[in-house]
Amino acid sequence: MAALAGVLTVSACGGGGTGGAGSAPPDISGVVIERAPGRNHRQGHIDYPGKKPPSGGDHNPIPLTCGFYDQQPPDENAVHSLEHGAVWIAFDPATPAGDIAVVRAFAKLDHVIVSPYAGMAAPITLVAWEHRLELQSVTDPRLKQFVDAYRNGSTAPEQGAACAGVGHPLP
């Protein structure tokens, strides 16, 4: 796996719509498209409708630094990282340590966030900008397929922008 690459510049965000350059990601069974209601910068708490974690929408002006977290990060910062091309792998807080180790390994890749998240519809949920995949197990091959397809992918409005800002991921 590639080492986590930190980029120190932050791009400006705003406007509406989606889309990056390049081809569409491959079909992965179970991926749901969820249109983001906006993508503007906002301060403070944002109430994201729908399933958790959110897969897009208005967000904090500062992205979350990608990597592994042992606590649930703020949605508002993580959504900004999704706009930059991050994939967020969220796991139920009751997930066994061995399964956490499996998803934690993905956090070594650039543009990947891995964290616990309470109140999800599935034990493992992956989100990228406007895309969601819910899994029952870390052994499901679609986990890697989703990360490979959407990490820094063409569906991110600001593909390749910095995945660094606030937060202190664990090594």
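Predicted model: local features only at pLDDT ≥ 70, side-chain atom pairs only at ≥ 80, totals over all residues.
I started at A90, whose bridge partner in β4 is S115. Residues are numbered from 1 along each chain as its sequence is written, and side-chain values use heavy atoms, with hydrogens and water left out.

Next I looked up the strand pairing (at least two DSSP bridges between two strands). Strands here are DSSP runs of E, at least two residues, and helices are runs of H or I, at least four, numbered from the N terminus. β3 runs parallel to β4 (residues 112-116) over five bridges.

Then I checked burial (buried is under 20% relative accessible area, exposed over 50%, partly exposed in between; 1.4 Å probe, protein chains only). Five of the five residues of β3 (residues 87-91) are buried, so the strand is largely enclosed by the rest of the structure. V87, I89 and F91 cover one side, W88 and A90 the other.

Last came the aromatic pairs (Phe, Tyr or six-membered Trp ring centres within 6.5 Å; planes under 30 degrees apart are stacked, over 60 edge-to-face, the rest tilted). I found three in the structure. F68 and F91 have ring centres 6.3 Å apart and planes at 5°, so they are stacked. This pair joins β2 (residues 67-68) to β3 across 23 residues, and both F68 and F91 are buried.
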